[in-house]
Structures are given as structure tokens and as C-alpha cells.
Amino acid sequence: MLALQLLCNGIVTGCALGIVAISFSFVYSTTKIFHVAHAGVYTMGGYIAWSMLEHGFPAPVAFLVAVAACTALGALIQTGLYARLEQRRATHLVVLIASLGALAVIQNILASVYSANILQFNLPWGSKVFTVVGDVRLTVTQLLTVVCSLAAYGAVMWFSHGTILGKQIRAVASNPFLAEITRLRPRRVHVYVMAIASALVCVPGVLVPLDFGLQPYNGITPLLTATIAMIAGGVGSITGAFVLAIVIAELQNMSLLFIPGEWSIGITFFIFVIFMLFRPTGLFAAAR
Amino acid sequence: MVLRLNGLQAGYGPKTVISDVSFALEPGQILAFLGHNGAGKTTTLKSIMGVLRPSAGEVLFDGNRIDRLNVAERVALGLRLLPEGRGIFPDLTVAENIDVVAARNVSTGAMFDVPDVYKLFPVLEERRTTRAGSMSGGQQQMLALSLAILGTPRCLMLDEPSIGLAPNLVERMFQQVRDVCKSHAMTAVLVEQNVAAAMKIADRVIIMNNGQIVFDGNPDEARASNFWHYF
């Protein structure tokens, strides 16, 4: 029964991680920027929602305001930082360092405004427990995480393949030079991508801390794991990133049956090494 | 004159690649723009398109200077480029390729709308749901040409469109380019290593060497001259 509980917990964690992976992959495949500051956007979403709830706003309003704030921050990072560096023909390394700098700034602002201590959400309904199957129990927050993550995944798939803007974003990712000379406005598309990805990452950014609490520096581990899911799933593949995030979370959780919990991050990097050795293009990579 | 270059000079960083490049093209005229590798042909196309900023000289379109306009503004005027070897979005399907470009370039009364390109290249309609990058070289080039002409092109610049294509496909494709240009009074600049095939459809030949124009005349004059001496 413990195995079944761990399996369900893995699905919850994997779904949340899957949205971080999809959103990071969305940015990386289109802009080729290793957007480490995404971890800062993820963390900020939770803090904005917490502040709104503390001021007495209802949970849906707090969530929507957090999404709007993250969207704006993502667009600001693109226009105020990455686009300017691109104009100056900065190398990928320079952009990566700038992104790390932006992450440090966001984390430090959050730490100075809210303190570096763990903040817990005061939402009694969030910890209400449901029995799913047998003795397997999940909280409302966990169920909400699965539902919202699956809905976000479905929305991204529909947006990418069913709307003209989604297709334009994929076109810019596929051939930036042609996108430039066919008036697809790659620079503007990059801003849209960063805004959409930031809105997406706010979903797990708010839902995960409902269970585990908030800390300014807790966005890095999910981002690293999501990066591995993106690479193992195949860069550019939305489904690949989402599925591999669930697989990694499941392996991390199930490994608890055999080895101590502190080794779970080692499992993640073991998967990464295996993929790098045997399928560096990722599981869902399209044949070129 | 649709397109006129006056003393164009451009390069990369401190290195000047082309200098004093001047020519003018009439509507419907097809120019074979020839020269060995590194002669400056692609640099000239990039300067016309606005991808590269010229360091001196003028680019005029319909008599108006366009060398201060950005790429998108030049495309809106009707300048189109089919880039060498990368004229499609390989990860999108054929229909998605055409739809995204049409959405930004086709307006009411456009010369080439989506049905027009499917009519011009029926094989693309048959392969609408195929991933563009998985098609044969010839079909990819047909798609690239379709993307380049969607909307209202006035001057089409083709950068080595025959690369990787079988000789019979090259002739067929060049003939289609000629038919499209003549039927729609569209000017074409054809940068090509396949000199014989390019000369067959061209009205005019310009040969570049070391960044400068060394021959400018019609195909008969080119053939009558000590042609290969210019390369």
C-alpha cells in the first residue's frame, strides 16, 4: 500500500514538475536562452498569491493576480534584459550569466521583503484529505495540482497546434532566420513566449507551496529537474517534457522504497547521464 | 525600375565584402546573379533584404530609398528572399508552414493566396499534413518557393535554390520560376552555381568577382564573351 501511495505522490509531483518543464522548454526551444531566472518567476508566483491571501482576497483572485504578475515579470525580463543583450550580440554564456543575475535579484528581493524563513499558506481546505483508492490519500491541494497541471498541459498542446500564434511560435523555434524574412516578428514572439511560459510556471509556483510552504531559494531544484525532463524528453517536445517529468518524479518517489530520500536527486542525474549516453536527442525528439 | 542599387558597399565588421555594386531591374526581368563562392552574391542579397546594413550606397525600391527600412518593412513592400538551404520551417507540417506565413503576408487582393500556391504546386496539397522536414529535397524547395511568394511579391531573390536537387527537378523548378515571374510581372534575382540552368531562364546576367561586378549583359552577350574568364 505504501508503494501505491508513493506512486500517487509521484504523479502529483510529476504533474507539477511537468508544467515547469513544459514552460522552460517553451522558452528554450524558441529563444535558445537557458532561462535560469524562470526559477525566480516560479518562486515569485507563490509569494504574490500568499500576499493576496494574507490581505483577505479569495483564493481564485490571489491565483489570477499571481499569474498576471508572473506574466508581466516574464515579459519584462525578455524586453528589459534578454532582448537588449541580443541586440548587443551577446553570447549564450553572457545571457546565461545575466539570467543567473536576474534570478539572484528576484530571490534577494523576495528574501528582503518576506524574510528567508519558510512561510506557510493559511488555507484550511487545502490540507483536507480524500481517500482515493484503498488507503491511498491525497489532499485537496494535491488533487488540484493534478487537475490544473493536466488542464495546463492540454491548453498548451491546443495553443501550440491549434492557434496561429502557437504555430508562429513553433515556426520561430524551427527556423528563426526564415521567421525574420517572412515577417513573423521573432522578437515580439519571444516576448509572448516568455510571458506565456511565466504564466504557466505560476501554476505549480502557487500550488506546490500550498503543501510545502514558501522559501525564496526553493525554485532551483524543480527547475534543474525540469531541465533534465526537457532534455530527456527531447528539446521542443511538449509531451516529452511532461511525460519525462512524471517518470522522473515517479522514479524519485519509488526509490524511497529501496534507498534513503536524500539519494532521490541522484536518481534524477542518473537518468540524465543514461539519456546523454544512449539517447542524447531525448525520447520524443522528432526525426530531422 | 523596381529595384535599383547605387554604389552599394557592405561587409562583416571591418571587412568589406562588396563595393560599388550598381544595377537596376525592370518589372518581370530575371537576373542570373553569378560568381564563384565568396564573390559577394549572398552579401548583396542580404544588403538588399536589410539583413545586413550597407556601409555605403543606396537601395531603391520603386524609386524610393529603402536602406533605412527594417526587414519586415521591406518584405511588406514586396521584396522576398528564398534563403539558401533553409527556406522552410522543418518542424511544422506543410499546411502549418503555409498558414503561418500567409497569416502575416496575405491580405485581400494579394497576388498569391493559399489556394494559389496549392494550385501552383499540387503535391503540397497532397502532403498538407506531412512534416515539412521529412519531405524530399524537391518538395521542400517547392514549399520554400511557395512561402517566398505568398502575398504580393514584386521582387523575388533566390539564393542557390538548386542545391541538393536532381538536374531534372532544377530545370522544372526554374521553368516554374520563369512562368510565375512572367505571368505576374515579378522581378527575380537568381543566385546560382548551376550557371547553365540559370542562363536558360535569365533575361540578364551579372557576374561578380571579389565583391565587384565584372560583367553585366544579356545571356547571349555572356555566351559570346570569354565567359568563364570572369569567374
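**View 1. The loop at B:Asn210.** B:Asn210 sits in the loop that lies between β9 (204-209) and β10 (212-217) of chain B. Like the other views, this one shows a predicted model. The phi angle of B:Asn210 is positive, near 50°, although the residue is not a glycine. Within 10 Å of B:Asn210 there are 13 other C-beta atoms, so the residue counts as partly exposed, since exposed residues have 12 or fewer.

**View 2. The loop at A:Lys32.** In chain A, the loop between α1 (2-31) and α2 (38-54) contains A:Lys32. A:Lys32 is not a glycine, yet its phi is positive, at about 65°. A:Lys32 is partly exposed because 14 other C-beta atoms lie within 10 Å, and a residue needs 20 or more to be buried.

**View 3. The hairpin of β1 and β2 in chain B.** Strand β1 (residues 3-12) and strand β2 (residues 15-25) of chain B run antiparallel and are joined by seven bridges. One of the paired positions is B:Leu3, whose bridge partner in β2(B) is B:Leu25. The two strands form a hairpin, with two residues between β1(B) and β2(B). In the turn, B:Gly13 has a positive phi of about 60°.

**View 4. The open sheet of chain B.** Four strands of chain B make up an open sheet, in the order β2-β1-β4-β5, with antiparallel pairing. The edges are taken by β2 and β5 (64-65) of chain B; each has a single partner strand, so one side of each has no neighbour in the sheet. Strands of a sheet pair through backbone hydrogen bonds.

**View 5. The pairing of β4 and β5 in chain B.** Two bridges connect β4(B) and β5(B), and the pairing is antiparallel. Opposite B:Leu60 stands B:Arg65, a residue of β5(B).

**View 6. The surroundings of B:Leu52.** B:Leu52 belongs to the loop between α1 (41-49) and β4 (56-61) of chain B. Apart from neighbours within four places in sequence, the residues in contact with B:Leu52 are B:Ala10, B:Thr43, B:Lys46 and B:Ser47. B:Asn70 is 18 residues from B:Leu52 along the chain, and the C-alpha atoms of the two are 9.9 Å apart. Is B:Leu52 buried or partly exposed? B:Leu52 counts as partly exposed because it has 18 C-beta neighbours inside 10 Å, whereas a buried residue has 20 or more.

Notes
Residues numbered from 1 in each chain as written. Chains lettered and ligands numbered in written order. Predicted model: local features only at pLDDT ≥ 70, side-chain atom pairs only at ≥ 80, totals over all residues. Pairing = 2+ DSSP bridges. Contact = placed C-beta atoms within 7 Å.
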